[in-house]
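Let's take a look around this structure together. We'll begin with its aromatic rings and then move on to charged side chains.

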Amino acid sequence: MAAAVVPALAATTLLVSGAGPSHAAPSWEPKPSPMTGPLTNQAHQVPVDDPLPEYPRPQLTRPDWADLNGIWDFAVTSRDAGQPTTFGERIRVPFVPESSLSGIQRKITQNDKLWYKRTFTVPSGWSGRHIQLNFGASDWETTVWVNGRQAGDAHRGGYDSFSYDITSLLNGGTNTIVISVYDPTETGGQAIGKQRIQDVTPHPGKSIVYTASSGIWQTVWLEPTAPAHITRLDMVPRLEDNTLRVTVRGAGGADGTGVKVTVSSGGTAVGSATGTVGDELSVPVPGARLWTPEDPFLYDVTAELTGGAGADKVGGYTGMRSIAVKDVGGVRRPVLNGNFVFQTGTLDQGYWPDGIYTAPTDEALKYDLQKHKDLGFNMVRKHIKVEPQRWFYWADRLGLLVWQDMPSMDSGKTPDTAARAQWESEYRAIIDQHRSSPSLIQWVDQNEGWGQYDQARIADMVKAYDPSRLVDNMSGVNCCAAKDGGNGDVIDNHNYVGPGNTPTEPVRASVLGEYGGLGYRVPGHEWYPGGGFSYEDQPTTAALNDRLVGLLDGIRENTMPAGGLSASVYTQITDVENEANGLMSYDRQVVKVDQARVRAANQALIAASRSVGAAVKLPGGQNVSIRVTTPGYTDRYIRHYDGLGFTEVVDAASGDLLKKDATWTVRQGLANKLCYSFESRNYPGEYLRHREFRVRREAGDNSTVYKEDATWCPVQGSGGVRMSAANFPGQYLRHINAELWLARSGGGHAWDNPASFTEDTTWAIEPPWAP
């Protein structure tokens, strides 16, 4: 890929008199971390005075900047109090006070207000330029004073970046910044994701929500700019004409100013265009090398104002790729660069035992994404949290497709008018901040009904605001009283353990936003020893590997080709607090699964998607008989007897009742139109379904469970078809000892016996014995 300039941008050392807190403040040291390891809570890896020193905004770079991360004076007051006269503690920014890495490590509630203070001197080389004070993110209501005067309005939002031009507030010498942050977490109405006010040290409790992160949690920094300067590059690749459409945004009177944008590779310009700030430019990228997970090639981008000497100039990067939904073999599927590739990823919560919301180092931030690649995944769903821009930088460089959730409001509550306006405003700000990242291919508006409202309107709003990406109006429409807006680009089910399937539709692609949750507790690597839980505990790592690979193989063999599934998100990449269902331990010291084996299963799934054909077709609406293909038993057919499913020899001399019992009408699948249901010939309205593993003929009750149990997805087998359960891919209709069972090869039941499993689960569709 093209060499990026970002790592070379070293921060200017501030020329400061008393740059840190006053000498009267107490000494600082980190608190003990709940878990430690190579990536967590290592003093030599997390510098005291300069943590997270990397350039924080890789898609809009300037050569001069100054990092304000490090030790600040700190105080906590009541929520309505004014600025304290003394700051009796010290905190390491940008780690939240709930974290061990901050040096505070205590619970912050809705009754508290946080206060930060430090001094700095503007470097002499910045003379004559405007000074911007930038925040990667601070949760939630942040107010800034410089030298006693407030810098603009208070910022509300926990996940979007924001800036203040503080030039007029500077004094020419040592300047003092004071910041207050109020964060009500779930007691307010704002976006909070998985955060909840709770004890900050490990404690029992099987909860899927975690420790809150209040206050500053991303890098704080200064940069000098020209008065009229660039604030954002909105970049949209257009493969149909090999151009990059770029809209340069600006401030300080930059609107309407002339601008030139250049795209280059390896230091050689490949195309440029001129225009004005605020208008879309079309930059040619001839013979574009496309960005894919296998080849995440990045082009360098520069934009410069052309108004005269000293005009602003910024750097960035882009990847040339497209994302859309189209028909592939009669199924709606997402296509990357015009081609369907199955998106196999994990749920990534982005939590750390020592930093909570903030990764301890840039290496750690990258590590989780690299581990996705090592395990063969090509996608990651960032779950109701928004990471720093450097996380997206690593996803762009490493080559991972990103589903980005908008952090939800509190579950079980209906947001009021003010909360809705704030949530939508913050969502648009997040889209603006990350709209040019090539890895980001889908916005996920809401999750499992948490704080849900106006699903259809919001999906339309997001699609109109960013038409270059897919939109998921609700992840987990089948779960937890969630309501499907009925629009967007995908329909998204959750299924634990699953993987199950998501019914196909004529317009939207079918995806599985969550499945899995297989658990294994690793002694010595538990957040609260003995407190871990999962959706299905595994007794050994061997069992964990077998079960996980079985789920992936089930998607490859059944759910993708037969059920029309196009993407799946496994829960989850790491343990999080008392959730022990990660592929890695929470401290990242232990990869629980066989990396090579999981990688091979993912690679096989991705490879199979590139050549997936049309689903196996059965004669819909017609009567058929279903014959055994196991050698020595090929004269036997599926029949029902006293409501249960058996196989029995049927021939021309058989009685009429047996022939009718062995005849089934092929119907469109009750739970998935790509699959099929088999209606009894002589008991209309009763279907072949599995219940408690036993397959039987049973009348429907119109429930979702019944419809799924009575839906079978055929996949091509040797000498016939195999019938996979729509809701349990990898489990098949099998005969054993003349009985019909839902079976999984090598499972824990007698009917899962692997002997002759493939033959016993392969069936021939024959003309009916009773037309």
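How many aromatic pairs does the count come to? The count comes to 27 aromatic pairs, where rings of Phe, Tyr and Trp (its six-membered ring) pair if their centres lie within 6.5 Å, and planes under 30 degrees apart count as stacked, over 60 as edge-to-face and the rest as tilted.

Before going on, a word on what you're looking at. This is a predicted model, so local features need pLDDT of at least 70 and side-chain atom pairs count only at pLDDT 80 or more, while totals for chains, interfaces and linings use all residues. Residues are numbered from 1 along each chain as its sequence is written, and side-chain values use heavy atoms, with hydrogens and water left out.

Here are two of the pairs.

| Pair | Centre to centre | Angle of planes | Type |
|---|---|---|---|
| Y55 and W65 | 5.2 Å | 85° | edge-to-face |
| W423 and Y427 | 5.5 Å | 65° | edge-to-face |

Y55 and W65 both sit in the segment before β1 (66-67), so their pair ties together parts that are 10 residues apart in sequence. (Helices, H or I with at least four residues, and strands, E with at least two, are DSSP runs numbered from the N terminus.) Y55 is buried at 1% relative accessibility, and W65 is buried too, at 0%; buried means under 20% relative accessible area, exposed over 50%, and partly exposed in between, with a 1.4 Å probe and protein chains only.

W423 and Y427 share helix α3 (residues 417-434), where they are 4 residues apart, about one turn of the helix. Both of them are buried.

Rings can also join up into a cluster: ring pairs link Y159, Y210, W217, Y351 and Y357. One of these, Y357, has K385 lying over its face, 4.7 Å from the ring centre. Likewise, the charged end of R694 sits over the ring of W741, 5.4 Å from its centre. For this, NZ of Lys or CZ of Arg must be within 6 Å of the ring centre and within 35 degrees of the ring normal.

Now for another arginine. R508 lies in the loop between β31 (490-495) and β32 (509-516), and R508 is buried, with a relative accessible area of 4%. Leaving aside neighbours within four places in sequence, R508 is in contact (heavy atoms within 4.5 Å) with residues including R332, N473 and D484. The side chains of R508 and D484 are joined by a polar contact of 2.7 Å, and a polar contact of 2.7 Å also joins the side chains of R508 and E505. A polar contact is a pair of N or O atoms within 3.5 Å; within protein, one must be able to donate a hydrogen and the other to accept it, and residues adjacent in sequence count only if both atoms are side-chain atoms.
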